[in-house]
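Please examine the sequence and the structure that follow.

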Amino acid sequence: MGVAAGPIRVVVAKPGLDGHDRGAKVIARALRDAGMEVIYTGLHQTPEQIVDTAIQEDADAIGLSILSGAHNTLFAAVIDLLKERDAEDIKVFGGGIIPEADIAPLKEKGVAEIFTPGATTGSIVEWVRANVRQPAGA
């Protein structure tokens, strides 16, 4: 959101009723180990809670992990709330069990990237580095 200083800040969130967070924790750790600041929100977050956290934490990106099948609704809600709160500079990316046919429509709604099962932590870290603001001095 503000001046690009310090490490990239990423909110990793598990929206909705999905109770499986192992993948989200693995991604959070990989981003942290790559030098990013990570705020993990925990399970069962509403889109409002996720966007509030991202704004309060001055996050550069939100990473959503969705396994419940509610990806179309939950991604759209987060994107819409960011627009309503004039925080569209926060990039949204995500992963989980998302059918190939849903990826293009999600990107059209404003989701920057979708990672499906089999994506490596290294590829996610590299995508964040390449597509979210660069830390000062990079």
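In what order do the elements of the chain run from the N terminus on? The order is β-α-β-α-β-α-β-α-β-α, which comes to five helices and five strands; helices (H or I, at least four residues) and strands (E, at least two) are DSSP runs, numbered from the N terminus. This is a predicted model, in which local features need pLDDT of at least 70 and side-chain atom pairs count only at pLDDT 80 or more, while totals for chains, interfaces and linings use all residues. Residues are numbered from 1 along each chain as its sequence is written, and side-chain values use heavy atoms, with hydrogens and water left out.

Along the principal axes, the C-alpha atoms fill a box of roughly 40 × 35 × 25 Å. Of the 138 residues, 46% are buried (under 20% relative accessible area, with exposed meaning over 50% and partly exposed in between; 1.4 Å probe, protein chains only). Among contacts (heavy atoms within 4.5 Å) with a separation of 6 or more, 72% join residues 24 or more positions apart.

Two packed helices are described by the angle between their axes and the distance between the axes. Helix α3 (residues 71–84) and helix α4 (residues 100–109) pack at about 10°, with axes 10 Å apart; axes are lines fitted to C-alpha atoms, for helices over the stretch in contact, and angles run from 0 to 180 degrees between N-to-C directions. The two helices are therefore roughly parallel to each other (angles under 35 degrees; over 145 is roughly antiparallel, 65 to 115 roughly perpendicular and the rest oblique). H71, N72, F75, A76, I79 and K83 of α3 meet D102, L106 and K109 of α4.

Within α3, A76 counts as buried because its relative accessibility is 17%. Beyond residues up to four places away in sequence, A76 touches H71 and K109. A76 and P47 are 29 residues apart in sequence and 9.2 Å apart in space, C-alpha to C-alpha.

A30 lies in helix α1 (residues 22–33) and, at 18% relative accessibility, counts as buried. Leaving aside neighbours within four places in sequence, A30 is in contact with T121 and V125. The C-alpha atoms of A30 and I124 are 8.7 Å apart, although 94 residues separate the two in sequence.
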